[in-house]
Amino acid sequence: MLILMAKQISIVRVLAAGALAALTCAAFVLHQWTAYASYCMAEAGTDRPWCNNFPPFIYPYVQEKYWNVGFLRYWTLSQLPNILLATPILALLYSYSLSYIHHALLPSVLTHPILSRITRSSKWLTWLSKNPTSPLMNASIAPHALHSFILASILLFSAHTQIALRLAASLPFTYWAAARLLVEYPRIGKWWVGWSIIWGSVSIVLWAVFLPPA
Amino acid sequence: MSTTISHATVENHLHILRITSVLTWLLTVALLYISSNLPLFDSSPRVILQGKPSTWAEFFAFPLLRWDAFHFGHIAKEGYLYEYEWAFFPGGPLVMKAGACILHFIRTQTPSQDVSWAGLFIAGGLVSCFCGTTTTLYRLTLHHFGSPSMAFLTCLLALLPSSPATLRFSVCSEPFFTYLSYRG
């Protein structure tokens, strides 16, 4: 996000960011390569259908075959309670990330020197570029906001939605969103704290007796 | 970004957060172990841990063996035997196996790769507990927002997660993901 904050985009910074991102992805690629070497390069008889895919990754195949993961596949009536259980935390993530994208990220992108001429020529883009300043909308958390928005969408539309309760609890963005609720919308914020305490306790008991959602 | 953040305020906040973090951990542990005495909906943990827990190790490991922990434990013990196990990345099982080997060495003074199910879960649970997530989150929030009050509020809220069992104890990826995502 230093790229957006700076007035000039430095090639060195772009390359450095790309290298760091590639490092993170390298672990995933290594894992996929190990699977490929085990199944697709071994002796005949271990060949699997995903060996011929492009790219030959085991991960999407396994997720689809054994966990039935896919766009809207989880949206069945029997899974409705699991989806409903995850709605508070998904709503929290969406509310802050969408608000951030609308009030902070889009204005900062649209008013960047590279795009400002295009923005000024369109009434709609000019409206989008207005940004009411708030300490909770600073530029450095933009990656967190984007990541949370994309993750929430993947969880809602493609994954087993109830795992949002596990994954979102690991994100700092979730707790920034909750803090924002308490500060800007205190009544809803108090409901959030109450829900967290009650649901946290209930979820421990459900985990211990091996019931969903876990 | 404020340039006059009081060092004393930050230290005071961190002190309170460390205490409340331990307290919430104790409450979570207590509730977890008490609830595990209730009848299980799915009795598969008893298949792996051989009926009623007979040793201290099995007693502590028993409530941790739920859901994806089965898969992580099996991968830690046997490696990637079945195709579906490739959906789980190797970091968690590696930590479990390493931790279990260390625990085994401490107990028996003999190095061994042959670890028990109970050892794997206790090792994984212990490592999960000691990820220093609360102070890391405080410093991260302070870095982004420049406000000790915001950092303090965020961390207090983070002590009320939506899934305490998986976040703090279970050998699923979450504790490590949390710590690493807080470190950026």
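## Cavities

This predicted model holds 2 cavities of 30 Å³ or more. The largest cavity has about 90 Å³ of space. Its lining is made of 13 residues. Closest to the centre are A:W199, A:S203, A:P213, A:A214 and B:S163. By class, the lining of the largest cavity has 7 nonpolar residues, 5 polar ones and 1 charged one. Three helices each supply at least two residues of this lining: helix 8 (164–167) and helix 10 (186–208) of chain A, and helix 9 (164–168) of chain B. Helix 10 of chain A gives the most, with 4 residues.

The second largest cavity has about 40 Å³ of space. From chain A, its lining takes A:I89, A:A169, A:T174, A:Y175, A:W192, A:W195 and A:S196. From chain B come B:L160, B:P161 and B:S162. The classes here are 7 nonpolar, 3 polar and no charged residues. Helix 9 (172–184) and helix 10 of chain A each supply at least two of the lining residues. Helix 10 of chain A again gives the most, this time with 3 residues.

## Salt bridges between the chains

How many salt bridges does a search of the whole structure find? Over all chains, there are 4. One of them pairs B:E83 with A:R48, with N to O at 2.8 Å. B:E83 sits in the loop between helix 4 (68–78) and helix 5 (91–108) of chain B, and A:R48 in the loop between helix 2 (11–39) and helix 3 (58–67) of chain A, so this pair joins two chains. Are the two partners buried or partly exposed? B:E83 has 7% relative accessibility, under the 20% cut-off, so B:E83 counts as buried. A:R48 reaches 24%, so A:R48 counts as partly exposed.

A:R166 and B:D68 form another salt bridge. Their closest N and O atoms are 3.1 Å apart. A:R166 belongs to helix 8 of chain A, while B:D68 belongs to helix 4 of chain B, so this pair also joins two chains. Both A:R166 and B:D68 are buried.

## A salt bridge in chain A

A:R73 and A:E64 also form a salt bridge. The closest N and O atoms of this pair are 2.8 Å apart. A:R73 is partly exposed, with a relative accessible area of 35%. A:E64 counts as partly exposed too, at 39% relative accessibility.

## Backbone features of chain A

Which residues does a cis peptide bond join? One such bond links A:F54 and A:P55, with omega at about 0°. A:P55 is found in the loop between helix 2 and helix 3 of chain A. That loop also holds A:R48, the partner of B:E83. Another cis peptide bond links A:P212 and A:P213, with omega at about 5°. A:P213 lies in the segment after helix 10 of chain A.

Now look at phi. A:L72 has a positive phi of about 65°, although A:L72 is not a glycine. A:L72 is placed in the loop between helix 3 and helix 4 (80–110) of chain A. At 34% relative accessibility, A:L72 counts as partly exposed. A:F210 is not a glycine either, and A:F210 has a positive phi of about 65°. A:F210 is placed in the segment after helix 10 of chain A. Buried or partly exposed? A:F210 is buried, with a relative accessible area of 5%.

## Chain B and its surface patch

Chain B has 10 helices and 0 strands. Read along the sequence, the pattern is α-α-α-α-α-α-α-α-α-α. Chain B has 184 residues, and 49% of them count as buried.

Which residues form a nonpolar patch on the surface? They are B:I19, B:V22, B:L23 and B:L26. Together these residues have about 350 Å² of accessible area. B:L26 lies in helix 1 (residues 7–35) of chain B. At 44% relative accessibility, B:L26 counts as partly exposed.

Methods: Residues numbered from 1 in each chain as written. Chains lettered and ligands numbered in written order. Predicted model: local features only at pLDDT ≥ 70, side-chain atom pairs only at ≥ 80, totals over all residues. Heavy atoms only, no water. Patch = residues over 30% accessible without salt bridge, like charges linked within 9 Å, V, L, I, M, F, W, Y side chains within 5 Å. Areas by Shrake-Rupley, 256 points an atom, 1.4 Å probe, with all protein chains shown as cover. Salt bridge = Lys/Arg side-chain N within 4 Å of Asp/Glu carboxyl O. Buried < 20%, exposed > 50% of the residue type's maximum accessible area, 1.4 Å probe, protein only. 1 Å grid on protein atoms, 1.4 Å probe; cavity = no way out; pocket = protein on both sides within 12 Å on 5 of 7 lines; lining within 4 Å. Points joined across faces, edges and corners; volume = space filled by probe spheres on them. Nonpolar A, V, L, I, M, F, W, Y, C, P; charged D, E, K, R; others polar.
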